[in-house]
Amino acid sequence: LCLGLLSAQAQWMTQTVTMSKGWNAVYLQVSPGLACHSLFTGTPVKIIHQFNPALSAQYETSPAQPLERAPEWLTWRSGASNSLPPTLFSLQAGQGYLVSNDAPCSLVLTGRVENIRRTWRPDDWHLTGLDVEPGAGVTFEQFFGAAMDRIDKLQRVDSDGISRAIASSAAIEPGRAYWIKTKGHLDSDGPFALEGGIWLNA
């Protein structure tokens with residue numbers, strides 16, 4: 001999974017998301033103006049899941065089979081695999097998504113840049129990415145700093161749909177969503193901010 005960002009006029013930006021065949025955990029930094037069926041019909045994208053913990057406290061480590069109608073997920077499926085009514089209709093900046101593809105693909109998404117500030121729920125899982133400068137090699141330890149002791153677990157989703165533990169010394173990949181479990185209350189959102197397509201130290 002790769003990310004490309006281009007600055008655009010005012011608060012608009014283009015984000016290129018390059019995905020492999022299978023499952024991809026994607027983090028968006030733009031809010032595309034089109035509905036899911038307009039964005040993904042005719043592409044290799046077959047299923048998109050958005051984690052919505054307000055619907056259920058359940059957590060699944062694999063999105064493949066347990067998520068046919070799991071209550072904690074909002075879901076969009078392409079026409080070929082759409083056996084159930086969709087519950088996910090559009091994508092938003094600052095959200096993590098699990099995306100299943102039939103083949104490798106690159107999608108160019110143009111949308112508004114949002115002022116993203118997360119609300120970290122205590123002692124809970126979050127499917128989210130982190131705003132870091134492409135190519136900077138910032139690790140989770142560097143991103144969270146002293147607040148790293150409030151991070152209980154870190155996981156990445158591999159192409160087989162299984163979430164696997166990663167170390168806090170691993171570099172954060174822009175455009176990739178991770179499973180992050182908090183330990184107690186976490187107030188930090190890292191040292192970086194994205195404004196109008198320009199990376200800043202917050």
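The structure is a predicted model, in which local features need a pLDDT of at least 70 and side-chain atom pairs count only at pLDDT 80 or more, whereas totals for chains, interfaces and linings use all residues. Residues are numbered from 1 along each chain as its sequence is written, and side-chain values use heavy atoms, with hydrogens and water left out.

Two helices and 14 strands are assigned in the chain, helices (H or I, at least four residues) and strands (E, at least two) being DSSP runs numbered from the N terminus. With contact taken as heavy atoms within 4.5 Å, residues 24 or more positions apart account for 72% of the contacts in the chain that have a separation of 6 or more.

Nonpolar cores were defined as sets of buried Ala, Val, Leu, Ile, Met, Phe, Trp, Tyr and Cys residues joined through side-chain atoms within 4.5 Å. The largest of these has 21 residues, of which Met19, Phe40, Val45, Ile48, Leu88 and Leu91 touch the most other members. Two or more residues are given to this core by each of strand E2 (12-19), helix H1 (36-40), strand E5 (45-51), E6, E7 and strand E8 (105-113), and E8 gives the most, with four residues. Another core, of 15 residues, lies apart from it and includes Trp120, Phe143, Phe144 and Ile172. Beyond its neighbours within four places in sequence, Leu88 is in contact with Cys36, Ile48, Gln50, Leu74, Thr75, Trp76 and Tyr97.

Strands are said to pair if DSSP finds at least two bridges between them. E2 and E8 pair in the antiparallel sense over eight bridges, with Gln15 standing opposite Leu109 in E8. Strand E4 (residues 30-32) and E8 are likewise paired in the antiparallel sense, over three bridges, and here Pro32 stands opposite Gly111 in E8.

An open sheet of four strands has the order E9-E12-E10-E11, with antiparallel pairing. E9 and strand E11 (163-165) stand at the edges, each with a single partner strand, so that one side of each is left without a neighbour in the sheet. E9 is joined to strand E12 (residues 178-182) by four bridges in the antiparallel sense, and the bridge partner of Leu127 in E12 is Trp179.

His126 is found in strand E9 (residues 125-128) and is buried, with a relative accessible area of 6%. A polar atom of the His126 side chain lies 2.8 Å from the backbone nitrogen of Arg121. When neighbours within four places in sequence are left aside, His126 is in contact with Thr119, Trp120, Arg121, Tyr178, Trp179, Ile180 and Thr182.

Gln95, by comparison, is found in the loop between strand E6 (73-77) and strand E7 (96-101) and is partly exposed, with a relative accessible area of 26%. The C-alpha atoms of Gln95 and Ile116, 21 residues apart along the chain, are separated by 9.4 Å.

Conventions
Buried means under 20% relative accessible area, exposed over 50%, partly exposed in between (1.4 Å probe, protein chains only). A polar contact is a pair of N or O atoms within 3.5 Å; within protein, one must be able to donate a hydrogen and the other to accept it, and residues adjacent in sequence count only if both atoms are side-chain atoms.
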